[in-house]
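The sequence and structure are shown first, and the account follows.

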Amino acid sequence: MTRPSPQTQGLLRFLDATRYLAEFKKGLVAHFANPKRVLTVCFPVEMDDGSVRSFLGYRVLHNNVLGPGKGGLRFHPELTLEEVSSMAALMTWKCALIGVPFGGAKGGVVCDTKQLSDGELRRITRRFISELGDNIGPHTDIPAPDMYTDEKIMALVYDTYDTMHPGRNNRPVVTGKPIDHGGSLGRRDATGAGVVFATEQFLRLQGSDVSKDLGGQRIVVQGFGKVGLAAAQLFVSRGAKVIGVSDSQGGIMNPDGIDLEAAESYKQSTGSLSGMPGTSNLKNEDLLLLECDILVPAATASQIHASNAEKLACRLVVEAANDPVTPEADIILQERGIPVLPDILANAGGVCVSYFEWVQNIQNQRWSEQEVTRRLRQRMQQAVVAVLQRHQQMLEKHPHDPHAGMLRTAALTMAIENVTCATLERGIWP
Ligand code: NAD
């Protein structure tokens with residue numbers, strides 16, 4: 001079965017949501033189907049063996065009505081411009097929903113970090129940032145980490161930009177930096193923490209009597225990177241049990257709960273989770289079908305699709321990754337009564353603390369980790385309440401429409417509405 005590409009997926013969802021926003025100025029909502037600016041760069045890099053290789057890099061600014069562009073840099077061998085554009089749009093809606101004054105952007109380089117030395121990665125990053133020139137900046141477009149990029153790469157982004165623009169405070173040009181260079185306390189785990197705060201609030205407000213909190217819930221997490229691991233650890237600290245986890249090479253399970261610290265060191269020493277003592281191995285596709293209370297896809301797009309959505313054995317899906325559930329799977333899950341906490345809500349903790357980092361950088365301040373966590377929790381909780389309220393209104397207005405019954409539609413319509421209203425308030429130039 002062919003699955004829609006992530007780009008088509010994003011567009012389908014956007015178009016679905018716009019059906020509920022017909023009252024806006026003609027043509028304006030439709031305008032948001034396209035990005036504002038698309039940049040493709042091709043640059044040479046000298047490799048360790050003395051040869052030269054060409055790399056493709058992208059930066060897409062989807063919208064900047066609410067503020068400068070904000071979005072991660074992904075280094076991945078299969079990265080495409082379509083995917084980057086789709087993720088940039090998702091960032092616009094995420095920022096608008098969580099209430100941070102940013103627009104949506106995304107970027108990255110087509111490369112396989114697992115095949116590159118530290119020196120090659122450094123040269124690729126520096127050259128890519130210099131190619132982007134003034135298309136990024138503290139008040140124009142602000143990158144952050146994403147898949148296969150981390151705080152070391154963000155330090156290089158900052159250093160390169162700072163070298164190009166000496167004599168001013170350039171720290172707010174990028175977020176997700178190391179703490180010593182203006183990174184925020186709490187940023188590293190922010191997306192995972194936001195996932196847990198959102199889930200907790202959702203259960204508190206919507207859970208059945210036996211599932212009003214995270215205590216005792218059985219959780220499965222796909223993806224053992226920055227987001228998946230942080231979320232898994234925090235779920236466990238709240239009394240939940242993580243019974244399955246996976247990385248790109250396969251999954252492991254233990255119905256009594258996985259020792260996450262042991263799993264982390266096992267992965268560090270062997271390069272994968274498979275074969276960890278005290279757990280059973282399983283294929284990635286089977287991990288998603290494990291019987292559990294909460295399934296948390298925290299890896300990559302389109303993992304839950306028309307062919308496996310019918311077989312999922314969870315009671316709630318929380319999208320820690322971007323776009324892990326396809327539109328067809330959304331409908332199947334909706335009909336099966338399995339709610340999906342959508343990405344623009346569930347994983348907004350990362351951009352939220354990125355915003356806190358940006359504010360701290362501009363003010364030359366450092367907030368305590370408790371302060372960052374307190375503010376993050378508050379924003380995530382407020383956003384869940386707002387989405388649930390909209391969801392209720394939509395259910396009442398369109399009782400027989402499966403799209404209207406999805407939390408995603410409620411979240412997306414709110415976000416699109418915010419950007420549309422802001423555009424109208426600013427006025428369409430000239
Ligand atoms: P990461 O590179 O740190 O980790 C990705 C993990 O996914 C790795 O463990 C990798 O082995 C695993 N993986 C890749 N393909 C897989 C597959 N097919 N099956 C199972 N595991 C697989 O990336 P990350 O920062 O944790 O991001 C994960 C997801 O969360 C991405 O979709 C990203 O866009 C999204 N996200 C990240 C942030 C952030 O702050 N890092 C914020 C919002 C959303």
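## Residue classes and the second largest pocket

In the classes used here, Ala, Val, Leu, Ile, Met, Phe, Trp, Tyr, Cys and Pro count as nonpolar, Asp, Glu, Lys and Arg as charged, and the others, Gly among them, as polar. The model under discussion is predicted. By these classes, six nonpolar, seven polar and two charged residues make up the lining of the second largest pocket.

The space in the second largest pocket amounts to about 410 Å³. Its lining comprises 15 residues, of which His31, Lys36, Asn64, Val65 and Thr423 are the closest to the pocket centre. Two or more lining residues come from each of helix 2 (28-31), strand 2 (52-63) and helix 14 (407-426).

## Nonpolar cores

The largest nonpolar core contains 77 residues, and Trp93, Phe235, Val245, Val296 and Leu376 have the most contacts inside it. At least three residues of this core are drawn from domain 1 (35-181), and at least three from domain 2 (190-346). Another core, of 24 residues, lies apart from the largest one; Val45, Ile124, Tyr161 and Val173 are among its members.

The surroundings of Leu376 can be described individually. When neighbours within four places in sequence are left aside, Leu376 is in contact with Ala190, Ala193, Gly194 and Phe197, and also with Gly349, Cys352, Val353 and Phe356.

## Positive phi values

Tyr148, a residue other than glycine, has a positive phi, near 60°. Tyr148 belongs to the loop that connects strand 5 (141-145) with helix 5 (151-164). Its relative accessible area is 34%, so Tyr148 is classed as partly exposed.

Asp323 is likewise a residue other than glycine with a positive phi value, near 60°. The loop that holds Asp323 runs between strand 11 (316-318) and helix 10 (327-336). Is Asp323 buried or exposed? Asp323 counts as buried because its relative accessibility is 5%, and the cut-off for buried is under 20%.

## A cis peptide bond

Which form does the peptide bond from Trp429 to Pro430 take, cis or trans? The bond is cis, and its omega is near 10°. Pro430 is placed in the segment after helix 14, and helix 14 (407-426) is also one of the elements that give two or more residues to the lining of the second largest pocket.

Notes:
Residues are numbered from 1 along each chain as its sequence is written. This is a predicted model: local features need pLDDT of at least 70, side-chain atom pairs count only at pLDDT 80 or more; totals for chains, interfaces and linings use all residues. Side-chain values use heavy atoms; hydrogens and water are left out. A nonpolar core is a set of buried Ala, Val, Leu, Ile, Met, Phe, Trp, Tyr and Cys residues joined through side-chain atoms within 4.5 Å. Buried means under 20% relative accessible area, exposed over 50%, partly exposed in between (1.4 Å probe, protein chains only). Domain bounds come from an automatic or database domain assignment. Contact means heavy atoms within 4.5 Å. On a 1 Å grid over the protein atoms alone, a cavity is a set of points where a 1.4 Å probe fits but cannot get out, and a pocket is an open set with protein on both sides within 12 Å along at least five of seven lines; lining residues have an atom within 4 Å of a point. Grid points are joined across faces, edges and corners, and a volume is the space filled by probe spheres set on the points. Helices (H or I, at least four residues) and strands (E, at least two) are DSSP runs, numbered from the N terminus.
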